[in-house]
Structures are given as C-alpha cells and as structure tokens.
Amino acid sequence: MHGSCEQGKLIEGTIKNERLRRIQETLNKLEHSGRGKKEKTRPNWASELEYILAGDGEVVPVSVVCDLFIDSKTTSKKYAFELKAPLPNSDQTKVSKEKMFKLLAMESCPVDEAYYALPYNPYGAKENYAWSFPLRWFDMKNDPSVLIGSEFWDLIGGKGTYEAFITSVNALGTKYHERIYREYLGIEPPEHSEPTVLK
C-alpha cells in the first residue's frame, strides 16, 4: 500500500537543547509525583508535544532507531512506529515515548507521524484496554499517538488488513495456537481458549 517500509530504521538529526530538556522534564513528571502532589501527572500527548516543540536553543545531534519506518507513496507522509507486545512493561514504554518525542522534535522533520503501536489487543476493544504499565506514559484510550489492533494494521495495510490478518492466523488452527501467543504476541495463551486464536 505505502511503497517503502523498513524495520530498525536509524534516523539522525538535530534537536534544540531546550526541547531535549523538556522531553526529560515531561517524562520525569509522568514517572514521579511532584512535591506536595498526591497524584502523578496524567499523560496528554497533544499538550506534551506542544510544550516540547516550544523549546529553543542550540542544536544537538541525535539519532533514534525506530522499530518500523514507512515512507508512504500513497499519503506522501513518513511514519515511525514503536511496536510493542500487547502487555508491555513500563520501562519499554518510557523509552518508546522518548524516542517518539525526539523524532518529532528534530529540526529536519524526518517523520510526519510517530506512533506507539500494539498489533494486538487481548482486551478486545480499545476502550477496554487496561494493562497498567503503559497507562503511566500514554492515555491508551485517547492519545492519537497510540494505535491498538486494527488501527495499526489498517494504517499500514489499508482498510480490512486486520480482519484479513486475524482470519489467516485463525485458519492455522490449534497446532500453532500457543506458539502464536507466546512468540508473536508475547503473552501467555488464555486458559481454556477456543481453537480460534484471535478476535
């Protein structure tokens, strides 16, 4: 669909030093409660990115390796994806968010969009996603930078890609049931699950 796709793409550029400082400040606020605060700062992608991009200063060379990079001939946009298993840990998610911020803060604008993507959602619908660790870093249900399940597949392959993927995986049957869950999705298969693998 898009024409050009690379895994493990190295992207190099420069970022203003105040933007780098604001990236760390934003991540620190999400990780730790401030003095006198009972609750941690809640993630909000749009306001965080706006704050970071308002930073100025001298430029610093930076490099980022993104999991998946698409230079789309269809949309004329460049997309970067941080791909994670459906139940990622907190440290992985923090690193992914930092990389996404850096990509979007680079002076040369090497990407138009950066996404935190989970190719599968064991909770079913996006609004039901409840794994606690990434919730510290992203509003998993509302942040436009988060893609879960069909949102990811349909963006990279066009409408209907997720359904085609699920149908193909389920056609493999029970022989590969546990292997798909463990090796591809990175989660344990549900107990007493149906012969079909995914929904």
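1. The sheet. Five strands form an open sheet in the order β1-β2-β3-β4-β5, with mixed pairing. Strands count as paired if DSSP finds at least two bridges between them. β1 (5-16) and β5 (146-148) are the edge strands; each has a single partner strand, so one side of each lacks a neighbour in the sheet. From one strand to the next the twist averages 45 degrees.

2. Basis of the model. This is a predicted model, in which local features need pLDDT of at least 70 and side-chain atom pairs count only at pLDDT 80 or more, while totals for chains, interfaces and linings use all residues. Residues are numbered from 1 along each chain as its sequence is written, and side-chain values use heavy atoms, with hydrogens and water left out.

3. The β4 and β5 pair. Strand β4 (residues 113-118) runs parallel to β5, and three bridges link them. Alanine 117 has leucine 147 of β5 as its bridge partner.

4. Helices on the sheet. α5 (residues 150-157) packs on the sheet and touches β2, β3, β4 and β5. The direction of α5 makes about 95 degrees with that of β5. Helix α3 (residues 90-105) lies across β1, β2 (59-71), β3 (78-83) and β4. Relative to β4, α3 runs at about 160 degrees. Axes here are lines fitted to C-alpha atoms, for helices over the stretch in contact; angles run from 0 to 180 degrees between N-to-C directions.

5. α1 against α3. Helix α1 (residues 17-31) packs with α3 at an angle of about 150 degrees, and their axes are 10 Å apart. That makes α1 roughly antiparallel to α3 (the term applies to angles over 145 degrees).

6. Their contact. Contact means heavy atoms within 4.5 Å. From α1 come Arg19, Leu20, Ile23, Gln24, Thr26, Leu27, Leu30 and Glu31. From α3 come Lys94, Lys97, Glu98, Phe101, Lys102 and Ala105. By class, this contact has six nonpolar, two polar and six charged residues. Ala, Val, Leu, Ile, Met, Phe, Trp, Tyr, Cys and Pro count as nonpolar, Asp, Glu, Lys and Arg as charged, and the others, Gly among them, as polar.

7. The whole chain. The protein chain has seven helices and five strands. These are DSSP runs, numbered from the N terminus: helices are H or I, at least four residues, and strands E, at least two. From the N terminus on, the order is β-α-α-β-β-α-β-α-β-α-α-α. Of the 199 residues, 44% count as buried (under 20% relative accessible area, 1.4 Å probe, protein chains only). Among contacts between residues at least 6 apart in sequence, 71% join residues at least 24 apart.

Notes: Parallel < 35°, antiparallel > 145°, perpendicular 65-115°, else oblique. Buried < 20%, exposed > 50% of the residue type's maximum accessible area, 1.4 Å probe, protein only.
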